[in-house]
Amino acid sequence: MQRPDRVEAAMRACPRERFLPPARRASAHLDAPVAIGHQQTNSQPRTVLAMLRLLDVRPGLSVLDVGSGSGWTAAILGELVGPSGSVLGVERIPQLVAAARDALALDPRAWVRVEQAETGVLGAPDRAPFDRVLVSAEPAALPDALVEQLRPGGVMVIPVAGEMLRVVRGSGGTTVTRHGRYRFVPLVED
């Protein structure tokens, strides 16, 4: 039997059902997206696993979670960075921000926060730079505004136009690799 990796262990430490609406918790075991209201979903566990492996999160890093939804990925990221790191989740829907905060309060990690996204601002440029950026919504093109929030050597994982991208910001530009086809809710950049 293969030993579970750090991402699998972090996912087990953050039970998905805690981050689902009560009427949807029976679906937590499914390897499928689950509706969380407001035309949003809690991502498929296999997809979250793939994204977090690509992101290569380690203890002590600062991470931005764009489109944090129910807060599940923020919690998993918090488990991965540990108390020497930090996770900032931003979400544009106030009801989801409140639900994420409630779920996170059940297993508090002081280094994990989910906040209301600022209207007209993508990510959290005033808190940049970040070591890692995870985006759980799909834009039509790679947003320069998020790439600019990475510190040199930083990594972003983002679904763009149906394809999962891993973006590494280097001193001489960015390197983008492609990692398969995926579907996500649209990224709202208003």
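Two strands are taken as paired if DSSP finds at least two bridges between them. Helices (H or I, at least four residues) and strands (E, at least two) are DSSP runs, numbered from the N terminus. By this rule, strand β7 (residues 150–160) and strand β8 (residues 163–170) pair in the antiparallel sense over six bridges. M156 has V167 in β8 as its bridge partner.

The structure is a predicted model, in which local features need pLDDT of at least 70, side-chain atom pairs count only at pLDDT 80 or more, and totals for chains, interfaces and linings use all residues. Residues are numbered from 1 along each chain as its sequence is written, and side-chain values use heavy atoms, with hydrogens and water left out.

Strands β7 and β8 belong to an open sheet of seven strands. The strand order is β5-β4-β3-β6-β7-β8-β9, and the pairing is mixed. At the edges stand β5 (112–116) and β9 (173–181), each pairing on one side only. From one strand to the next, the twist averages 15°. Axes here are lines fitted to C-alpha atoms, for helices over the stretch in contact; angles run from 0 to 180 degrees between N-to-C directions. Helix α4 (residues 94–105) lies across β4 (86–91) and β5. The helix runs at about 165° to β5. Contact means heavy atoms within 4.5 Å.

A hairpin is formed by β1 and β2, with two residues between them. Strand β1 spans residues 34–37 and strand β2 residues 40–42; their antiparallel pairing covers three bridges. Opposite G37 stands Q40 in β2. In the turn, H38 has a positive phi of about 60°.

The axes of helix α1 (residues 6–13) and helix α3 (residues 72–81) come within 9 Å and cross at roughly 125°. The two helices are therefore oblique to each other. Angles under 35 degrees count as roughly parallel, over 145 as roughly antiparallel, 65 to 115 as roughly perpendicular and the rest as oblique. The crossing of α1 and α3 is right-handed, that is, the near helix is turned clockwise from the far one by less than a right angle. From α1, R6, V7, A10, M11 and A13 meet W72, I76, E79 and L80 in α3. By class, this contact has seven nonpolar, no polar and two charged residues. Ala, Val, Leu, Ile, Met, Phe, Trp, Tyr, Cys and Pro count as nonpolar, Asp, Glu, Lys and Arg as charged, and the others, Gly among them, as polar.

Ten salt bridges are counted, each a side-chain nitrogen of Lys or Arg within 4 Å of a carboxyl oxygen of Asp or Glu. E8 forms a salt bridge with R53, with 3.3 Å between the closest N and O atoms. The pair links distant parts of the chain, 45 residues apart: E8 lies in helix α1 and R53 in helix α2 (residues 45–55).
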